[in-house]
Amino acid sequence: MTRQSARERLAAALECIDNPQGEGAKAVLTVYRDAAQAAAEASDARARTGTLLGPLDGAIVTIKDLFDVVGDVTRAGSKVLADEGQVAARDAVVVQRLRAAGAVIVGKTNMSEFAFTGVGANPHYGTPGNPADRARVPGGSSSGAGVAVTDGMCEIGVGSDTGGSVRIPASLCGIVGFKPSKRRVSTEGAFPLSYSLDSIGPLAKTVAQCAVADAVLSGDEFWTLDAAPLAGLRFGVAQGLPLENLDDTVGRRFPEALDRLEKVGVHLTYEKLPQFEDMIALQSRTSILVAEAYSVHSSRMKSRAAEVDSIVASRLSRGADIAAHDYVNAVRTRNALIAAMDERLRDVDVLVLPATAIVAPRFDEIAEPKAFMQRNAMLLRNTTIGNFFDLTGVSLPLPRDGHLPVGLMLLARNGHDRQLLRIAAAVEKLFC
């Protein structure tokens, strides 16, 4: 079968975005219609002459609302930033790399304000409904990316992941989300949430698409994604915190997934990791994320806090009370814990755990602030492990069998991104 042209695939994506019965208006906040058309036509011209720029050439891509695009105001899901009107002088590094690879950037996707919740709700621009059930949240903070990929508004969505913002919407929407090692992808030109924790990664329907996108985003050479043989691999099943209070659906699907992995020869070990308790203890004393986020927004919180999402504003305001010496001590303690976790994970190929402890909450379940924060904490709890310990991670969709999506998360040591993707491709094949 002849592959559809970039122009044809772009037309299908735009039709989905423009569908008044769909979620396009809430998922894709800016549509680069003319520029995308020109990029698609240029890709098709290269295809006709056999001069494609690589496997991402002609791919239909969205970027999160926090990436700079020359001439645009970078809103990061905020009306305050939109009003400030700071126009980007140049494209973010990842946007430059996407363009150079021939990607067709169709639009900017919605997100939690300042990327500061895992629920994905945005009171300013609306919240797109989860493709599995429109009465449920999509997960965040890369909410629009998760919906856009799942609904066909793009083939690859580029998001950011500070505590799970790529992997949470991937898990709740039933697609693949890849968080690379932090140092792998430049964050230059991406509006910051946490300088220590921010990372940039793709969401897509397959691991192969994520691998191609990651190669471009990181400036790496394209490589062949061969699925790793599963037999004999060592999967450490993270005990304790990641398995506490799972909801009924996740609590059933996760053990079923472990059984299937064991049946094909994966060696499962059950790992008790005291580093989790150390992480909780540190975060209860001093939040590096909150301190760094407040450093970005301190002046706005003094002058325009009432215009910020009330839940985001409440979280940000806590940063005013974090002393400099506490922050410095927290960073030093975290660095020691990163080294300890890296050493601990030498004995396994990956850690395996549920991406989120719960399935996508209904909108009426997050209407009250206390309930919102409870569910936000449950969505972030497992994914934030990857960011805190500077690991690379991926969320893979498990078979739904008529139920809501559940993500299986694999975490690997920093810098082992390619090997993680090879393992993820094998696990994906097992479950598809």
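**View 1. The lining of the largest pocket, class by class.** In this predicted model, the lining of the largest pocket has 17 nonpolar, twelve polar and six charged residues. Here Ala, Val, Leu, Ile, Met, Phe, Trp, Tyr, Cys and Pro count as nonpolar, Asp, Glu, Lys and Arg as charged, and the others, Gly among them, as polar. Of the 35 lining residues, Q283, S287, R315, L380 and T384 lie nearest the centre. The volume of this pocket is about 930 Å³. A pocket is an open set of points on a 1 Å grid over the protein atoms alone, where a 1.4 Å probe fits, with protein on both sides within 12 Å along at least five of seven lines; lining residues have an atom within 4 Å of a point. Volume is the space filled by probe spheres set on the points, which are joined across faces, edges and corners.

**View 2. Helices around the largest pocket.** Helix α10 (274-285) gives the largest share of the lining, six residues. At least two residues each come from α10, α11 (288-303), α14 (369-380) and α15 (383-388). Helices (H or I, at least four residues) and strands (E, at least two) are DSSP runs, numbered from the N terminus.

**View 3. The second largest pocket.** Have a look at D68, T74, L81, Q86 and F191, the closest to the centre among the 13 residues that line this pocket. Its volume is about 230 Å³, and its lining has seven nonpolar, three polar and three charged residues.

View 4. The closest N and O atoms of R75 and D65 are 2.8 Å apart. A salt bridge is a side-chain nitrogen of Lys or Arg within 4 Å of a carboxyl oxygen of Asp or Glu, and the structure holds 24 of them. Both residues lie in the loop between β2 (60-64) and α4 (79-84), so the pair ties together parts that are ten residues apart in sequence. R75 and D65 are each buried (under 20% relative accessible area, with exposed over 50% and partly exposed in between; 1.4 Å probe, protein chains only).

**View 5. R184 and its two aspartates.** R184 and D214 are both buried. A further salt bridge, 3.0 Å from N to O, joins R184 to D220, which sits in the loop between α8 and β7 (234-238), 36 residues apart from R184. D220 is partly exposed, at 28% relative accessibility. Shared partners join R184, D214, D220 and R418 into one salt-bridge network.

**Notes.** Residues are numbered from 1 along each chain as its sequence is written, and side-chain values use heavy atoms, with hydrogens and water left out. As the model is predicted, local features need pLDDT of at least 70 and side-chain atom pairs count only at pLDDT 80 or more, while totals for chains, interfaces and linings use all residues.
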